[in-house]
Amino acid sequence: RVADIGAGSGALTGPLLDLGAEVWAVEPSNMLDLAAWRFGTNARFHAVSGNALAPDIPNEVAKSISHVWVGQSLHWWRDDADPVVAVWNQVFRAPVTLAAITYFIADDDPFANALDAVLARELAGYSAHIAKIMQKNSPGFGDDYYRGHFEVPLCIEAEDRRPITRETFASMMGSFSFMPGPESALFAEAMRTVLPVFDAYAEDGVVVLNRTLKGWHGRLRGA
């Protein structure tokens, strides 16, 4: 039994299900709907509308979880992760395991390159932020966020083909730490800049992202 905190649309949930795990996917955004669409027919998949500070997994289930995985969710508390770590240690009996996920997109992917170019040109601080957290071909990804809490050896590599609609794309952009807060005027302005890129590359209202997912995992120090 695995709790996948910050599951998003299920990039890590899928491999966990493939390994035979029963997965509680916890996600506050509507990307959870895409995870439910992808895995809802699997009896071992459970969608939970919650977040890192309030996982909202029933207590009797939480105490039977054998592994707790956290993906990108922890970096929202990168300045002070202690409160959320304390919640996980209280809710779950199992060792909390980090899954720091990096996506590697092919250099010739036209949509990704167009989006990257627009963000680099229009969004202040984007290039510096990406250079800091997306250290290609390096297991050092996440060091700045997770130092002092985890050890992160390479554990998983999988191909991820993700079909996204315009709505899912907007939700996905709102989940990125390089973007302004989703409720802010700056976010709305940024989306007016990037949505035309999506529209230009969409076929029948969908863009397929072809990516390689790489993840690192380790136990919480002191857990």
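Where is D204 found? D204 sits in the loop between α9 (185-201) and β7 (206-219). Helices (H or I, at least four residues) and strands (E, at least two) are DSSP runs, numbered from the N terminus. The structure is a predicted model, in which local features need pLDDT of at least 70 and side-chain atom pairs count only at pLDDT 80 or more, while totals for chains, interfaces and linings use all residues. Residues are numbered from 1 along each chain as its sequence is written, and side-chain values use heavy atoms, with hydrogens and water left out.

The backbone at D204 has a phi near 55°, a positive value in a residue other than glycine. Most residues other than glycine have a negative phi. D204 is exposed, with a relative accessible area of 82%. Here buried means under 20% relative accessible area, exposed means over 50%, and partly exposed is in between (1.4 Å probe, protein chains only). A positive phi, near 60°, is also found at D56, again a residue other than glycine. D56 belongs to the loop between β3 (45-48) and α3 (59-62), and its relative accessible area of 51% makes it exposed.

The next part to look at is strand β1 (residues 2-5), which is covered on both faces. V2 and D4 on one side are buried, as are A3 and I5 on the other. β1 pairs with strand β2 (residues 23-26) in the parallel sense over four bridges; two strands pair if DSSP finds at least two bridges between them. In this pairing, the bridge partner of D4 is A25 in β2. β1 also pairs with strand β4 (residues 67-70), in the parallel sense and over four bridges, with A3 standing opposite V68 in β4.

The buried residues of α5 are F111, A112, A114, L115, V118 and L119. They lie on the same side of α5 because they cover an arc of only 165° around the axis, taken from the directions from the helix axis to the C-beta atoms. On the other side of α5, P110 and R121 are exposed.

Rings of Phe, Tyr and Trp (its six-membered ring) pair if their centres lie within 6.5 Å; planes under 30 degrees apart count as stacked, over 60 as edge-to-face and the rest as tilted. The count by this rule is five aromatic pairs. One of them is F111 with Y201, an edge-to-face pair at 6.0 Å centre to centre and 65° between the planes. F111 lies in helix α5 and Y201 in helix α9, so this pair ties together parts that are 90 residues apart in sequence. F111 is buried at 5% relative accessible area, whereas Y201 is partly exposed at 36%.

The rings of F169 and F198 have centres 5.2 Å apart and planes at 25°, so they are stacked. F169 lies in helix α8 (residues 166-174) and F198 in helix α9, so that pair connects parts 29 residues apart in sequence. F169 is buried at 0% relative accessibility, and F198 is buried at 1%. F111, F169, F198 and Y201 form one aromatic cluster.
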